[in-house]
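Here's a quick tour of a protein model for someone meeting it for the first time.

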There are 2 protein chains.
Amino acid sequence: MNIEKLKREIALNYSTPAVVIDLDVVERNIARVQALCDKAGVANRPHIKTHKSPVLAALQRKAGASGITCQKLGEAEVMADGGQDDIFISYNLLGEEKMGRLAKLMQRVTMRVAADNPIVVGDLAKAATLAGKPLDVVVECDTGRKRSGVESPADAIAVARAIKEAEGLNFAGFMLYPPEDAMAETQTFLDTATAGVRDMGLEVTVVSSGGTPNLVNLGKIKGATEHRAGTCIFNDRMMLACGAATLEDCALTVYSTVVSRAAPERGILDAGSKTLTVETMPGLDGHGLILDHPQARIPKFSEEHGFLDLSACNERPGVGEVVRIVPNHVCVVCNMVDRYVTVRGDEIVGELPVAARGRLS
Amino acid sequence: MNIEKLKREIALNYSTPAVVIDLDVVERNIARVQALCDKAGVANRPHIKTHKSPVLAALQRKAGASGITCQKLGEAEVMADGGQDDIFISYNLLGEEKMGRLAKLMQRVTMRVAADNPIVVGDLAKAATLAGKPLDVVVECDTGRKRSGVESPADAIAVARAIKEAEGLNFAGFMLYPPEDAMAETQTFLDTATAGVRDMGLEVTVVSSGGTPNLVNLGKIKGATEHRAGTCIFNDRMMLACGAATLEDCALTVYSTVVSRAAPERGILDAGSKTLTVETMPGLDGHGLILDHPQARIPKFSEEHGFLDLSACNERPGVGEVVRIVPNHVCVVCNMVDRYVTVRGDEIVGELPVAARGRLS
């Protein structure tokens, strides 16, 4: 690998900062996750919120994914435009504007959505009426994150009943996003909710689990039929920290130039919070791993400045040096940019639009 | 003000989350900052990194601004395309790709740039040669932030000498971005550096200070000729916290819908870190001020979920309610979206592109 040549070419052809993905690593990651799902006997329904690219979604489908997951209508619209025909929106959708868009999507592709309350269910029924066809709905269940999702099997059964009674909706099953250490609680929740809806005469055809860190838990939830993971296509420092990836699995790096070295022990990078974001998690030191100078730290950002602490470095980068940074959280970095620069090893391939970026809703 | 009607119309016409600016407040903010600069006898050179809109830059110029400030070439290119003719890039630019773009800009509009080291100065001279015309350069001085900028008057004088000796460059003066409590140190630094460059036969025609919180310090630095402030066009929770703005000065709010209420004391908003970002500062509680429910807290985000703590609320928003959020840091929120929804009071005006968003470099 001639990384120095690649750095020069990227700086010359795309400038810095640049968000670069290695397609060899991307393809390896896609194959690895598909194999994990195949081995566990669950369908792979990758979450495209990370990459936002119909081109990469198509690679995931080609590798064996059963469909894709989106977090919002705008992502689903871009994916449908890009040829995706089986889309799950794992989010409570509501309101007249969104129901109109959902109905239009239903007329083009196979759609499934989630709901955790009767108000959302009521709106989804309107979308089904507008579309003139039935809509599959799963009940989102919260087994510990305290985010969206009903908190108890009783509430799950109540939402399932609302779906059953709504015109045009088809109860399809349950959606889970369990904390990684809550498999037993999740199983109990799921079993109770499943028994309850069966008593109502409903069939559970979908049990969707999620999360890249939960790939290690595949197969542990009895009854799970599919898994939604997003970050695993690129990986990041958070995935390194939780053991879900190795450095070789990190497909995305941000190329950045050192623009200031006003004192011996510090410097400034041209990537700041408007490129890398300030996202972090407990246990992560600083805002990115600099592959070329792993002893360097990025203690803070301003919008276009990355603060470099070089005090622990034996070799310190000078003004003009390009470095490669593995970001803390890759999903939000992709959301900052309109295009990826694509490479294979040390060869530039070209560009890939982050097509669904900027779709706020 | 019929805010409930406005909320319904925005949700119906633009969906949520939506980033909304009130043009009446924007215009008031522009006039207020211009008046502050006029009163202090310094030129107003607003930083467009906040709004990224040539339309708003034109309003600032019409109100009396002498030119604009950009943080990167991509912003300057968009502003030049939009009719701006006098642009200061307050950032160390370097590298062959950027020098080519800088030279092209120099051929179209009046450009000034900053430098804090001889390597950048050397590259800037190449841009001047490419453009076939001289380039004004100011020396960036750091008087306490430890970001970019030379740390001592001696270093400032050395960079000024490098500018003087470089073919095609014209030493124009100094750029400051002083900590708000470092006026005395900044004055000493500036006086020493000024004396040093005068000894060299150089004239100081520009002393550029910066920052919205430093608007209260206008007039305190003797010799300052202009001020660069960005956030003051919209303001945010950080500006409220530091006393640089009142709630009436906050022109930008994010409209967001409550999508889940799985438990009595909590809820979920459809605006998460991909809309509002996780940026914060010491002393700020949570991730935004909800105007409609000021006792509600936003303790954390995931990408498309805003976690709502409603435990202190007497009236708690139900699923479907639209709320308005003043973000913690408005500059990074604007950087997430491709358009603003514009209003005046409770009337929708239309949309305004965030034209320079997505220009990474």
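## Two domains

Chain A splits into domain 1 (3-21 + 238-352) and domain 2 (47-229), with bounds that come from an automatic or database domain assignment. Their C-alpha centres sit 35 Å apart.

A bit of housekeeping: this is a predicted model, where local features need pLDDT of at least 70, side-chain atom pairs count only at pLDDT 80 or more, and totals for chains, interfaces and linings use all residues. Residues are numbered from 1 along each chain as its sequence is written, chains are lettered from A and ligands numbered from 1 in the order in which they are written, and side-chain values use heavy atoms, leaving out hydrogens and water.

## Where the domains meet

Contact here means heavy atoms within 4.5 Å. By that rule, 10 residues of domain 1 of chain A touch 9 residues of domain 2 of chain A. Together the two domains bury about 690 Å², 74% of it on carbon and sulfur atoms; buried area is the accessible area (1.4 Å probe) that two parts lose on being put together, summed over both. On the domain 1 side, A:Cys331, A:Tyr340 and A:Leu352 lose the most area to domain 2, together 50% of what that side buries.

How many salt bridges run between domain 1 and domain 2 of chain A? The count is 0, a salt bridge being a side-chain nitrogen of Lys or Arg within 4 Å of a carboxyl oxygen of Asp or Glu.

## Salt bridges elsewhere

Across the whole structure, over all chains, the search turns up 63 salt bridges. One of them joins A:Arg359 and A:Glu77, whose closest N and O atoms are 3.7 Å apart. A:Arg359 is partly exposed at 34% relative accessibility, while A:Glu77 is buried at 15% (buried is under 20% relative accessible area, exposed over 50%, partly exposed in between, with a 1.4 Å probe and protein chains only).

A:Arg112 and A:Glu226 also pair up, at 2.7 Å from N to O. A:Arg112 lies in strand β5 (residues 110-115) and A:Glu226 in strand β9 (residues 226-228) of chain A, so this pair ties together parts that are 114 residues apart in sequence. Strands (E, at least two residues) are DSSP runs, numbered from the N terminus. A:Arg112 is buried at 9%, and so is A:Glu226 at 3%.

## One more pair and a network

A:Lys274 and A:Glu303 form a salt bridge at 2.9 Å between the closest N and O atoms, and both residues are buried. Finally, A:Glu4, A:Lys7, A:Asp292 and A:Arg324 are linked in a network of salt bridges.

Definitions and conventions:
Helices (H or I, at least four residues) and strands (E, at least two) are DSSP runs, numbered from the N terminus.
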